[in-house]
Amino acid sequence: MSDLISNLEKLGDEFGTVIAPLADEQAIRAAQAQFLGKKGKVSELMKELGKLPPAERPLVGAAANKVKATIEELTAARLNELAQIVARADLARSVDVTLPARPVGGGHLHLLSQVRLEAVQIFAELGFVMAEGPQIDTDWNNFEALALPKEHPARDMQDTFYISPEIVLRTHTSPVQVRTMLTQEPPIRIIAPGHVYRRDDDPTHSPMFTQLEGLAVDTDISFSDLKGTLLHFVKRFFQRDLAIRLRPSYFPFVEPGAEVDMQCSFCGGSGCRLCKFTGWIEIGGAGMVDPDVFANCRIDSERYTGFAFGMGLERMAMLRHNVTDIKFYYEGDLRFLEQF
Ligand code: FA5
């Protein structure tokens, strides 16, 4: 019995030696388990208890409890010691509060915002004033007033999102023409950038995109004014001597109407994959304001003429900056955004 008691007592000293060099809580807890755990050293010795006469057992039990308590105390003391070392090191750390802060990188405008501001600026130099309209507009402003009645087949090209049968997400910026003509007397020269919506989705078409609408109404506006204005814009925007061509096309709100093509900025007109080997790329629609639209907007078509155009800003920026998928604009990926 006395052997067992002295072996138990030795375990306390042994534990003290084991944990003395340990410097983290996990290691100390693991050592504690090696002594006090189910298969620990104390439990192993206690297996001998059954071999002793019953009268001697309480003495050994008391010795076992004592060694357990010692191990617990040694554990707590070592952990406490370590916590104090950490706290002292923390207090000894000196912080230089006068150090200048790390610089925070400045943000910048999104490519589409840059392009929009630049385009508006080019037209402003020609006397065009910026105008805006709501992105949710009436069916009448978006379609009817622009000679696109409900059953008109040309509505199919601009399938939209209906909020109610009479309220739509605008499909183009052309309703800003209507809103302007209803509230302003000619002469009118506006440039209207803004978001528009359509049921479209592929690498060059997005359900939401940006258009830039232009409208000029005066007593002596001709088709050559339209062409001169667009040519000036393309040369300034691309900073190159690129040609444009007006290809006859149909929009119910202009007569005559045209698709505006510019010489391909990649191949300079010789033909490449981007321009499908035609040398030309479509950038928008344009034409002379239809007298029916003037009538809807209470403007005298005997006295006034006007031109209008609408261009896709994403498309223009794609051409100028070699952007290969329209989705890159909207994904918010810094690797794309920081290039511009
Ligand atoms: C129009 O939207 C007419 N309102 C333009 C107009 C205005 C004609 C004034 C006459 C007078 P169109 O549907 O072709 O036209 O669109 C104009 C341009 O918007 C296109 O050339 C293209 O550059 C761009 N575009 C059209 N759909 C999308 C789309 N889903 N995603 C990105 N760009 C688009």
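A pocket is here an open set of grid points, on a 1 Å grid over the protein atoms alone, with protein on both sides within 12 Å along at least five of seven lines. A molecule sits in such a pocket if more than half of its atoms lie within 2 Å of its grid points.

1. The model is predicted. With the pocket defined as above, the largest pocket is the space taken by the ligand.

2. The shell around the ligand holds 26 residues, of which His172, Ser174, Arg198, Asp200 and Ser206 come nearest. Sorted by class, this shell has 12 polar, nine nonpolar and five charged residues.

3. Histidine 172 places a polar side-chain atom 2.8 Å from a nitrogen atom of the ligand. For arginine 198, a polar side-chain atom lies 2.8 Å from an oxygen atom of the ligand. Serine 206 takes part through its backbone: a polar backbone atom of this residue is 3.0 Å from a ligand nitrogen atom. The ligand taken alone exposes 680 Å², and the protein buries 95% of that area.

4. Which strand gives the most to the shell around the ligand? It is β9, with five residues. Strand β9 spans 280-289. At least two shell residues each are supplied by β6 (208-218), β9 and β10 (305-312).

5. The chain is divided into domain 1, covering 2-92, and domain 2, covering 111-337. Taken over C-alpha atoms, the centres of domain 1 and domain 2 are separated by 84 Å.

6. Two cis peptide bonds deserve mention. One joins proline 186 and proline 187, with omega of about 5°. Proline 187 belongs to the loop between α7 (175-183) and β5 (188-197). Another cis peptide bond joins glutamate 255 and proline 256, and its omega is about -5°. Proline 256 is located in strand β8, which comprises residues 254-263.

7. Where is glutamine 239 found? This residue is in the loop between α8 (223-238) and β7 (244-249). Although glutamine 239 is not a glycine, it has a positive phi of about 55°.

Conventions: Residues numbered from 1 in each chain as written. Predicted model: local features only at pLDDT ≥ 70, side-chain atom pairs only at ≥ 80, totals over all residues. Heavy atoms only, no water. Near = heavy atom within 4 Å. Polar contact = N/O pair within 3.5 Å; in protein donor to acceptor, adjacent residues only side chain to side chain. Areas by Shrake-Rupley, 256 points an atom, 1.4 Å probe, with all protein chains shown as cover. 1 Å grid on protein atoms, 1.4 Å probe; cavity = no way out; pocket = protein on both sides within 12 Å on 5 of 7 lines; lining within 4 Å. Helix = DSSP H or I, 4+ residues; strand = E, 2+ residues; numbered from the N terminus. Nonpolar A, V, L, I, M, F, W, Y, C, P; charged D, E, K, R; others polar. Domains from an automatic or database assignment.
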